[in-house]
Amino acid sequence: MITEKLQQVINDQITAELWSSQLYLQMCFHLKKEGWDGFAHWMAKQSEEEKEHACAMADYLIKRGGEVKLAAIDVVPCGWGSVLEIFEHVYKHECHVSELINGVVAAASAEKDNATQDFFWGFVREQVEEEATASSIIDKIKHAGEAGLSFVDSQMAQR
Ligand code: MG
């Protein structure tokens, strides 16, 4: 049985994951509007992935005898200047999410809940990949320049 305090922490993280999903969906629609179909496709997948994280956390909470309480999702930003600016935003946001996940592990540790620590260590490892992926896309965009950006766009459609 999970503690009341950890249940709240995990519910907050579920809300944060759904907010991330909305953020990336908004980025997807913005990119699509600008004609960057590959980048938009990548962002749609990213949005789905964040929703999957939220659902995995919800399933875990239920397994531990907790209750999922979905909260309102705050409005996400919109309107970016360039593809580079969008991916710099993604990178910054993923670094923020990493801090949030570290916070969940710390809370589980304080409650001496080893199972929850173990479950969220999986997300800690995943965040390493998320940050690295965003960072490498930023590098590609910087290398590409305007002309080469269409090539990167077509690569992004492969995801
Ligand atoms: Mg996530």
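Before the first stop, a word on residue classes: Ala, Val, Leu, Ile, Met, Phe, Trp, Tyr, Cys and Pro count as nonpolar, Asp, Glu, Lys and Arg as charged, and the others, Gly among them, as polar. Keep in mind that this is a predicted model, where local features need pLDDT of at least 70 and side-chain atom pairs count only at pLDDT 80 or more, while totals for chains, interfaces and linings use all residues. Residues are numbered from 1 along each chain as its sequence is written, and side-chain values use heavy atoms, with hydrogens and water left out.

**Stop 1: the cavity**

Select E17, E50, H53, V97, I101, F123, E126 and Q127, which line the largest cavity. Here a cavity is a set of points, on a 1 Å grid over the protein atoms alone, where a 1.4 Å probe fits but cannot get out; lining residues have an atom within 4 Å of a point. A search of the whole structure turns up 1 cavity of 30 Å³ or more. How much space lies in the largest cavity? About 40 Å³, where a volume is the space filled by probe spheres set on the points, and the points are joined across faces, edges and corners.

By class, the lining has 3 nonpolar, 2 polar and 3 charged residues. Now colour by helix (DSSP runs of H or I, at least four residues, numbered from the N terminus). Helix 2 (37–63), helix 3 (83–110) and helix 4 (114–156) each supply at least two lining residues, and helix 4 gives the most, with 3.

**Stop 2: the metal**

The ion is coordinated by E17 (OE), E50 (OE) and H53 (ND1), at 2.2 to 2.3 Å. Along the chain, these donors follow the spacing E-x32-E-x2-H. E17 in helix 1 (residues 4–33) and E50 in helix 2 are 33 residues apart, so this pair links distant parts of the chain. Both E17 and E50 are buried, that is, under 20% relative accessible area with a 1.4 Å probe and protein chains only; exposed is over 50%, and partly exposed lies in between.

**Stop 3: the nonpolar cores**

Next, select M27, L31, F39, M43, V83 and F87, the residues with the most contacts inside the largest nonpolar core, which has 23 residues. Such a core is a set of buried Ala, Val, Leu, Ile, Met, Phe, Trp, Tyr and Cys residues joined through side-chain atoms within 4.5 Å. Helix 1, helix 2, helix 3 and helix 4 each give two or more residues to this core, and the largest share, 7 residues, comes from helix 4. Apart from it lies another core, of 19 residues, among them L18, A107, F120 and V124.

**Stop 4**

Click on Q13 in helix 1. Is Q13 buried or exposed? At 4% relative accessibility, Q13 counts as buried. Beyond its neighbours within four places in sequence, Q13 is in contact (heavy atoms within 4.5 Å) with M57, V97, L100, I101, V104 and F120. Then hop to S47 in helix 2, which counts as buried because its relative accessibility is 5%.

**Last stop: a loop**

Finish at K112, in the loop between helix 3 and helix 4. K112 has a positive phi of about 55 degrees although it is not a glycine. Most residues other than glycine have a negative phi. At 72% relative accessibility, K112 counts as exposed.

Note on methods: On a 1 Å grid over the protein atoms alone, a cavity is a set of points where a 1.4 Å probe fits but cannot get out, and a pocket is an open set with protein on both sides within 12 Å along at least five of seven lines; lining residues have an atom within 4 Å of a point. Donors are N, O and S atoms within 2.8 Å of the metal (3.2 Å for Na, K and Ca); water is not among the atoms, so sites may look incomplete.
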